[in-house]
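Subject: Structure for your review

Dear colleague,

Please find below the structure that I am handing over to you.

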Amino acid sequence: LVSTKSGEDRIMLSAQRAIFIAGLLFLTAGTSFLALDQWRFSRVLGEMNLAGSPDARQQMKMEEGLSDLREAEEYLAQNSLESAQKAHDRFVHVLSRDLNKDINQRASYGIAASLDRLGDRNRAVEHLRSLRDEGVKDKLLREKTEYLLGRLLILFGHDEEGKSILQELLAKTQNNLIKSRIHTTFGDCYRLTGQKNKAERNYRI
């Protein structure tokens, strides 16, 4: 009788232990799932906050501005008045956003270059003078600004000022394309004033 009772007690203890272990496992699993859901929610919320943060919004504006700037420069590289007008409008839009100094200066040069293509050279000179006075950090953009300003001044009859700018640029630039354009501009200038030999010499260079 005692042995039978001891066996029943052992069975009951084993059953209780099994129930306890099962309950503990269910509790652990439930806690794990809850923690996982909370982690996922926190991650999604963090990504939403990051996307809406001032830094993220500024970065998005910069990327959009650079994309618009590249599109405008592609239009400017085409050879039609329609593309020059599209380039001008996009450069103006980029400049109006005032994203940073470098982008603003690229847009300002683009406006001047497109105005030159559109025949509005007075306004082009105004933009170039302003850009040059401001001081352009990027070397290539600075040289392109000085070249275009010098060329337009010569076309307007301001020969001395235009030649001075171009001669100074010719003495310091290492860009062979800009050197070639300067000599071509000098050649055109001399040809129009009847100085054939000087014109031919610059064209050969």
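The crossing of helix 6 and helix 7 is left-handed; a crossing has this hand if the near helix is turned anticlockwise from the far one by less than a right angle, and is right-handed if clockwise. The model is a predicted one, in which local features need pLDDT of at least 70 and side-chain atom pairs count only at pLDDT 80 or more, while totals for chains, interfaces and linings use all residues. Residues are numbered from 1 along each chain as its sequence is written, and side-chain values use heavy atoms, with hydrogens and water left out.

Overall composition

The chain contains 9 helices and 0 strands, where helices (H or I, at least four residues) and strands (E, at least two) are DSSP runs numbered from the N terminus. Of the 205 residues in the chain, 30% are buried (under 20% relative accessible area, with exposed meaning over 50% and partly exposed in between; 1.4 Å probe, protein chains only). The accessible surface comes to about 13800 Å², and 55% of this surface belongs to carbon and sulfur atoms; the areas come from the Shrake-Rupley method with a 1.4 Å probe, and for residues only the protein chains shown count as cover. Among contacts (heavy atoms within 4.5 Å) between residues at least 6 apart in sequence, 49% join residues at least 24 apart.

Helix packing

To return to the pair named at the outset, helix 6 and helix 7 (residues 159-172) pack with their axes 7 Å apart and at an angle of about 150 degrees. Here axes are lines fitted to C-alpha atoms, for helices over the stretch in contact, and angles run from 0 to 180 degrees between N-to-C directions. Helix 6 and helix 7 are therefore roughly antiparallel (angles over 145 degrees; under 35 counts as roughly parallel, 65 to 115 as roughly perpendicular and the rest as oblique). Residues of helix 6 in this contact include E143, Y147, G150 and L153, and those of helix 7 include D159, G162, L166 and L169.

Helix 3 and helix 4 also cross with a left hand. Their axes come within 8 Å at roughly 155 degrees, and helix 3 and helix 4 are therefore roughly antiparallel. Among the residues that meet are H88, F91 and L95 in helix 3 and A107, I111 and S114 in helix 4. The loop between helix 3 and helix 4 holds D98. The phi of D98 is near 50 degrees, a positive value in a residue other than glycine, and D98 is exposed, at 55% relative accessible area.

The axes of helix 4 and helix 6 come within 11 Å and cross at roughly 30 degrees. Helix 4 and helix 6 are therefore roughly parallel, and their crossing is left-handed. The contact is made by Q105, R106, Y109, A112, A113 and D116 of helix 4 with L141, K144, T145, L148, R151 and L152 of helix 6.

Nonpolar cores

The largest nonpolar core has 27 residues, and F91, Y109 and L128 have the most contacts inside it. Such a core is a set of buried Ala, Val, Leu, Ile, Met, Phe, Trp, Tyr and Cys residues joined through side-chain atoms within 4.5 Å. The elements that give two or more residues to this core are helix 2 (54-76), helix 3 (81-97), helix 4 (101-118), helix 5 (121-134) and helix 6 (139-155). Helix 4 gives the most, with 7 residues. Leaving out residues up to four places away in sequence, Y109 touches L128, L131, L141, K144, T145 and L148. Apart from this core lies another, of 10 residues, among them L166, I182, C189 and Y190.

I154 lies in helix 6 and is buried, at 9% relative accessibility. Beyond its neighbours within four places in sequence, I154 is in contact with D159, G162, K163, L166, T185 and C189. I154 and C189 are 35 residues apart along the chain, with 7.4 Å between their C-alpha atoms.

L153 is likewise in helix 6 and is buried, with a relative accessible area of 1%. Not counting residues up to four places away in sequence, L153 touches V125, R129, H158, D159, E161, G162 and I165. L153 and N122 are 31 residues apart in sequence and 9.6 Å apart in space, C-alpha to C-alpha.

Yours sincerely
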